[in-house]
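Subject: Structure for your review

Dear colleague,

Please find the structure below, together with its sequence.

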Protein chains: 2
Amino acid sequence: MKKESLPVRSYKGTRDFYPRDMCYRNWYFSKVREIVESFGYEEYHTPLLESYDMYAAKSGDEVANEQLYLFEDKGGRKVAIRPEMTPSVARLVAARLDELNFPLRWYSIANFMRYEKPQKGRLREHWQVNVDIFGADEIDAELEIISIIKDIMEAFRADPEMFKIKINNRKFFNDVLVDILDVKTEDIKKISRVVDKKAKMDPEKYNDWLKEIGLSKEKIDLLDKIFSSNFADIVQMMHIDSKGARELYELFRLLNETGLEDYYEFDFSIVRGFDYYTGTVFEVYDTSPGNRRSLFGGGRYDNLVSLYKEKNITGIGFGLGDVTFQHFLEGHDLIPKTIYASPAVLITRFLEVPVNEYIHCAKQLRSENIRTAVYFSGNDKLGQQLKFAEKKGFSIALILGIDELKENKITIKHLDSKTQVTVDRNEYIDKVKEFLNSGLK
Amino acid sequence: MKKESLPVRSYKGTRDFYPRDMCYRNWYFSKVREIVESFGYEEYHTPLLESYDMYAAKSGDEVANEQLYLFEDKGGRKVAIRPEMTPSVARLVAARLDELNFPLRWYSIANFMRYEKPQKGRLREHWQVNVDIFGADEIDAELEIISIIKDIMEAFRADPEMFKIKINNRKFFNDVLVDILDVKTEDIKKISRVVDKKAKMDPEKYNDWLKEIGLSKEKIDLLDKIFSSNFADIVQMMHIDSKGARELYELFRLLNETGLEDYYEFDFSIVRGFDYYTGTVFEVYDTSPGNRRSLFGGGRYDNLVSLYKEKNITGIGFGLGDVTFQHFLEGHDLIPKTIYASPAVLITRFLEVPVNEYIHCAKQLRSENIRTAVYFSGNDKLGQQLKFAEKKGFSIALILGIDELKENKITIKHLDSKTQVTVDRNEYIDKVKEFLNSGLK
């Protein structure tokens, strides 16, 4: 009777990373890591599970209520798989307020889970780089964060035409709603949620939602006008002195002064989904229309640490997700073929030769930083062993049979070019290096 | 009214990794990664959640029933947070049986969760390196796996006296139970579970459990005698030709031939907790009595891939957990202080100088691979800025005030030695490098 097999597919909305996928992922993360570390950022990491209270307390409603992987552990604790990093890192900061020397420049690379409907650019498990500054009130912190984004994009050889950093400010957004649109303070949050979804939403549904909140036809039109206005025009429509407007003005001045004017634009529709943002907010978009989700998203949040300790430490930072960013790199053909590196040397194997001869060669090559594997089965014919080496993408096969052993020689076969030489045992390492560096693969 | 604060502690049995902790972790993983990659191993990764069926089907009972973080997702799927890697990697192998070129040399670094009672060396979330070979039946695969362990230990400067690789074989274990102790086949699994826990167990409880399974006093004594016997003596007590014995014999021969005789010993009490092992099993132990949990554990499993596809692909590998291994390195004082690297240069800041001057210097230094941060607040006095630099562990502070700017100069302060020089702008990078390379910290 045939037994029933388990399914080989991964859990819905998640990915298996095979070695080729990991080559990409390691390349991608190490490039980002290099940039943020060059700015003096230090890495941290947090546990996979957090108490549910953390998310109930802040985050946007959608994440807390609909998308959270929430369950009770065997001890009856209500816990959740982290859906994002910001509340966790705020907890770490709060826990050591007195020991940490502020400002902090911190980053992390971690996976997150949200119960989403899997679709292009959106999965249930994704990986994200989080970069944050804690304890710096100055707009210079905003400048640094935007500069890092630009440097990351540059490290991947992205041109300024391929992406745009879109910037807004939550205080400014709120002031505009209250001052120009006469919106009641208690409705701001609802409107910002609708605006956050605007780009992904049917225009009619968007209008209906705003009407439901109580916005008249005239106000919805006025809001549309504001969306298409530039920063200076909106400021001119205002009757109050907006702190948010001043922050934006100062940030734009710094960005222009430091040569970043081509990388960003003001966009009043950027509000970010999470409730915790309190100042600058930004998202980075692929300019090609096929990739519509933001690559980076972030902003300034003033009150997260105060959930844990009676002290207000301001934070600003961004998250960079792996899924849309991979679409970006693929779409603009920015992934070099060379990242899919293979092991360098396969040592073929014959039973007549003591295994230690092979182990010894492998050791020597590894000590020269040459990745080396020994073929397992001495029973297989040489042709079979060489075929395996080629399929696996090894650059070189070493052949040490009983004849070579007697003469104290080794044969080196360069697999791509089919070049083959036999040299003395004391010369083979140099010859292997020569082949590897020859520009031949 | 005072609002209630959220607790800052991490979820029970998990750790927050602050930057200093991550320095250690990155150092530790990168060393392991370097060794396994030098052997030609390729990295893979799997999703956090797996279908519960996977664990119900195999694993040891304890993990499947008591320790699993198991819940239903919002779509009613029974899922679990991975408690170990082996079933997941077997799923990946099974999913691409026809495309993969066997044998595979694969590794991963990932976190796992088990509902444990937190105690020394055992947490609910831990990180583990998994190294596996798929599709190699030869004992040479065992030799390679043991060699990798030895090379990893050597990379951490561990002496052979500090650890011991303890080896047994499940087939041999079963044969001995049946042949010498006349145990019924159906009782083998129960006995091996008790033996697996022997070291951590009260001796009386151990005897009681064996009695419950049906072992007489004489047989328990005989089993004790076997535990203290060497391999050759046990083989002499046997009446059958044991395949497991031949495998062990061949492995010991290869280990001795390749110079590993000081690193391992035969230990009949090593059986491993998981049911899926079918041949060689091993664990690596710290020789100092304070650290009693195994550092590495692994073995050969023949039937895991066949849970998914009607094909038998043999696997052999090990897991290396981070918690006990850190105790090992700490206990033997093998963690160098130098791993706790700090950013190199802090550029101090004055409001009279255009910010772009600072940004420009930072860019120049970063392009020379020197980690550089710019102080955020131009309002702070120089003394305050230098104090911050010292506390954070920066090596060098750059001072570029309005006077330096006018004269086109920069002051470089070496913080540890308090040495300070003022040089021309076109010379400062060389001077910074000189300070950083001077052997002064």
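How many salt bridges are there over all chains? The count comes to 60 salt bridges over all chains, a salt bridge being a side-chain nitrogen of Lys or Arg within 4 Å of a carboxyl oxygen of Asp or Glu.

This is a predicted model, in which local features need pLDDT of at least 70 and side-chain atom pairs count only at pLDDT 80 or more, while totals for chains, interfaces and linings use all residues; side-chain values use heavy atoms, with hydrogens and water left out. Residues are numbered from 1 along each chain as its sequence is written, and chains are lettered from A and ligands numbered from 1 in the order in which they are written.

Relation of the chains

The same surface serves both copies, since 100% of the contact residues of chain B recur in chain A (contact means heavy atoms within 4.5 Å).

The interface

In the interface, 97 residues of chain B are in contact with 97 residues of chain A. The area buried between the two chains is about 8,600 Å², and carbon and sulfur atoms give 58% of that area; buried area is the accessible area (1.4 Å probe) that two parts lose on being put together, summed over both. B:L6, B:Y18 and B:F376 supply 10% of the area that chain B buries against chain A, more than any other three residues.

Between chain B and chain A the count is 8 salt bridges. B:R349 forms a salt bridge with A:D140, with the closest N and O atoms 2.7 Å apart. A network of salt bridges links A:D16, B:E50 and B:R91.

Helices (H or I, at least four residues) and strands (E, at least two) are DSSP runs, numbered from the N terminus. In helix α9 of chain A (residues 217–227), the buried residues are A:I220, A:L223, A:I226 and A:F227 (buried means under 20% relative accessible area, exposed over 50%, partly exposed in between; 1.4 Å probe, protein chains only). Seen down the axis of α9(A), these buried residues fall within an arc of 115 degrees, so they line one face of the helix; the arc is that of the directions from the helix axis to the C-beta atoms. They pack against α6 (170–179), α7 (188–197), α8 (203–213) and α10 (231–237) of chain A.

A:K217 forms a salt bridge with A:D221, the closest N and O atoms being 2.9 Å apart. A:K217 and A:D221 are 4 residues apart in helix α9 of chain A, and are therefore separated by about one helical turn. A:D221 counts as partly exposed, at 38% relative accessibility.

A hairpin in chain A

Strands β15 (residues 409–414) and β16 (residues 420–424) of chain A pair in the antiparallel sense over 5 bridges (two strands pair if DSSP finds at least two bridges between them). A:K409 stands opposite A:D424 in β16(A). The two strands form a hairpin with 5 residues between them, and A:K418 in the turn has a positive phi of about 60 degrees.

With kind regards
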